[in-house]
Amino acid sequence: MTHFSSPGAGPELDTGDARITVKVGAEHTGDAFEVFEVDAPRGPSVPPHADPWAKAFYVLHGRITVYVDGELHDLGPGASISVPAGAVNTFTVHTPSAQFLAISLTGGMGRFFRDVDRATPEQAPEIAAQHKIEFAS
């Protein structure tokens with residue numbers, strides 16, 4: 001199936017720490033992968049956690065530090081990083097905002113984002129557990 005997403009188009013989801021625009025959803029790829037445009041403000045995002053899906057980030061503008069299994073990686077425009085499934089990870093935005101692409105294998109990340117978008121902040125830990133996301137202790 002071919003899917004075209006024009007600039008500025010795509011469903012927008014609010015995860016509490018970022019605005020996510022779905023550019024290519026799992027429904028367009030047979031659940032093989034997804035592409036999201038992430039707009040995040042300065043500061044830390046979700047606490048360190050492990051996802052059951054692999055993902056990658058590609059920075060469009062701004063600076064972020066990505067934490068993966070105890071290592072910090074500084075990313076600016078044009079930089080990318082892959083995060084294996086099960087790796088403890090998070091990111092922090094160091095500029096007033098950052099925009100980056102998040103690509104994930106399977107449709108798991110999108111299902112999680114959609115559930116968080118419809119929930120209250122208090123429900124987030126329960127939703128994470130339902131999606132097999134484990135927070136680091």
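Buried means under 20% relative accessible area, exposed means over 50%, and partly exposed lies in between, using a 1.4 Å probe and protein chains only. With that in hand, let's walk through the structure, starting with Ala128, which is buried at a relative accessible area of 1%.

Before going further, a word on the model. This is a predicted model, in which local features need pLDDT of at least 70 and side-chain atom pairs count only at pLDDT 80 or more, while totals for chains, interfaces and linings use all residues. Residues are numbered from 1 along each chain as its sequence is written, and side-chain values use heavy atoms, with hydrogens and water left out.

Back to Ala128, then. You will find Ala128 in helix 2, residues 124–130; helices here are DSSP runs of H or I with at least four residues, strands are E runs of at least two, and both are numbered from the N terminus. Leaving aside residues up to four places away in sequence, Ala128 touches Phe112, Ile133 and Phe135, where contact means heavy atoms within 4.5 Å. Val116 is twelve residues from Ala128 along the chain, and their C-alpha atoms are separated by 8.5 Å.

Now for the charged side chains. A salt bridge is a side-chain nitrogen of Lys or Arg within 4 Å of a carboxyl oxygen of Asp or Glu, and a search of the whole structure finds six of them.

Asp39 itself is buried, with a relative accessible area of 16%.

Elsewhere, Arg63 pairs with Asp74 in a salt bridge whose closest N and O atoms are 2.9 Å apart. This pair links distant parts of the chain, eleven residues apart: Arg63 sits in the loop between strand 5 (55–61) and strand 6 (64–68), and Asp74 in strand 7 (residues 71–75). Arg63 is partly exposed, with a relative accessible area of 36%. As for Glu12, Arg19 and Asp39, salt bridges that share partners join these residues into one network.
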